2 protein chains.
Amino acid sequence: MRGVAFSDLHCSVARSLDVVGERWTLLVLRDAFQGKRRFEEFSRSLPVARNVLTDRLRTLVEHGVLERRQYEEHPPRYEYRLTPKGMDLYPVIVALIQWGDRYLAGADGPPVDLVHRDCGGAVGAEAVCRGCGNPVHARDAQAEYRMHPSP
Amino acid sequence: MRGVAFSDLHCSVARSLDVVGERWTLLVLRDAFQGKRRFEEFSRSLPVARNVLTDRLRTLVEHGVLERRQYEEHPPRYEYRLTPKGMDLYPVIVALIQWGDRYLAGADGPPVDLVHRDCGGAVGAEAVCRGCGNPVHARDAQAEYRMHPSP
């Protein structure tokens with residue numbers, strides 16, 4: 001079943017994972033959110049084979065998550081910058097950080113503190129209601145199917 | 001580099017992905033948040049080989065994300081329920097839904113509406129400051145390293 005394309009499943013989680021669910025991709029995006037832009041920066045940061053990193057960056061560019069821009073002409077060099085579509089993955093990254101910090105950090109505590117520049121508070125991620133603005137627990141939400149059963 | 005364990009990287013995103021980043025795992029969790037509990041329910045919902053599903057459920061139980069409970073004695077049958085640790089993955093799932101809904105839904109629109117039971121509003125996910133309570137954009141947050149450079 002290795003061949004099942006997540007993009008064919010009638011589900012937004014599956015479709016998102018079809019773009020960002022490959023091994024290393026979310027770590028590339030974490031680095032991009034931390035300001036890394038150049039192939040060598042990603043390569044130094046991640047213990048991933050260069051051909052795999054090349055592939056992941058290409059996929060993200062193809063899906064419009066990163067934009068590839070030339071920043072030097074001789075020799076030609078390119079950098080990778082988050083697009084608005086890529087920026088909108090921020091809650092995914094923060095939610096993964098938060099959960100890892102809470103449950104997997106071990107005795108040393110979280111490796112990085114994510115801090116709000118305005119007030120110095122800790123940054124987290126949560127489900128919220130766009131109607132009333134309140135935080136939403138899993139039990140407080142209901143899935144309403146539009147057309148087909150999922151997936 | 002296939003052998004690099006994400007759990008060894010000094011990064012909470014990597015550590016989280018070491019638990020939930022395998023193919024199918026986040027879709028199993030999506031189903032669990034939708035109330036599915038039994039092997040046959042997951043199996044009917046997901047076009048995944050049964051041995052892979054068995055493996056993913058076992059991993060989630062080993063990490064304390066799901067709890068395996070016997071609900072029938074003859075024959076012995078088990079169900080899988082989200083633990084509090086598992087429940088805390090809700091923002092990850094909602095953030096993936098939100099991004100897929102926004103960018104990958106196509107002409108039919110999102111397959112499912114996630115609705116707040118209290119007020120009927122749409123449920124989303126966002127990064128928020130635990131200090132001031134405001135939503136946080138990627139540009140408004142700063143990563144402060146505690147001990148080691150990452151990773």
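How many of the 14 residues of H6(B) are buried? In this predicted model, the count is 12 of the 14, so H6(B) is largely enclosed by the rest of the structure. The buried residues run through B:Tyr90, B:Pro91, B:Val92, B:Ile93, B:Val94, B:Ala95, B:Leu96, B:Ile97, B:Gln98, B:Trp99, B:Gly100 and B:Asp101. The geometry of the helix can be checked as well: at 1.5 Å a residue, the 14 residues of H6(B) should span 20 Å, and this agrees with its end C-alpha atoms, which are 20 Å apart.

Once its neighbours within four places in sequence are left aside, B:Ile93 is in contact with B:Leu26, B:Leu29, B:Arg30 and B:Phe33 of chain B, and with A:Val13 of chain A.

That last contact leads to the interface between the chains. Here, 76 residues of chain B are in contact with 76 residues of chain A. On the chain B side, at least two residues each are supplied by helices H1 (12-20), H2 (25-33), H5 (84-87) and H6 (90-103), and by strands E3 (112-116), E4 (123-129) and E5 (141-145). Helix H6(B) gives the largest share of this side, with 13 residues. By residue class, the side of chain B that touches chain A divides into 46 nonpolar, 15 polar and 15 charged residues.

Strand E4 of chain A, residues 123-129, and E4(B) run antiparallel to one another and are paired over 7 bridges. As one example from this pairing, A:Val128 has B:Gly124 as its bridge partner in E4(B).

The C-alpha trace of chain A spans about 55 × 40 × 30 Å along its principal axes. Of the 151 residues of chain A, 41% count as buried. Among the contacts in chain A with a separation of 6 or more, 39% are between residues 24 or more positions apart.

In chain A, a cis peptide bond joins A:His74 and A:Pro75, with omega about -5 degrees. The proline, A:Pro75, sits in the loop between strand E1 (66-72) and strand E2 (77-82) of chain A. In chain B, the peptide bond from B:His74 to B:Pro75 is cis, with omega near -5 degrees. B:Pro75 is placed in the loop between strands E1 (66-72) and E2 (77-82) of chain B.

A:Trp24 has a phi near 85 degrees, a positive value in a residue other than glycine, and it lies in the loop between helix H1 (12-20) and helix H2 (25-33) of chain A. A:Trp24 counts as buried because it has 23 C-beta neighbours inside 10 Å. For B:Trp24, phi is positive and near 85 degrees, again in a residue other than glycine. This residue, B:Trp24, belongs to the loop between H1 and H2 of chain B, and it counts as buried because 23 C-beta neighbours lie inside 10 Å.

Conventions
Residues are numbered from 1 along each chain as its sequence is written. Chains are lettered from A and ligands numbered from 1 in the order in which they are written. This is a predicted model: local features need pLDDT of at least 70, side-chain atom pairs count only at pLDDT 80 or more; totals for chains, interfaces and linings use all residues. Two residues are in contact if their C-beta atoms, placed from the backbone, lie within 7 Å. Helices (H or I, at least four residues) and strands (E, at least two) are DSSP runs, numbered from the N terminus. Ala, Val, Leu, Ile, Met, Phe, Trp, Tyr, Cys and Pro count as nonpolar, Asp, Glu, Lys and Arg as charged, and the others, Gly among them, as polar. Two strands pair if DSSP finds at least two bridges between them. A residue is buried if 20 or more other C-beta atoms lie within 10 Å of its own, exposed if 12 or fewer, and partly exposed in between; C-beta atoms are placed from the backbone. The expected span of a helix is 1.5 Å times one less than its number of residues.
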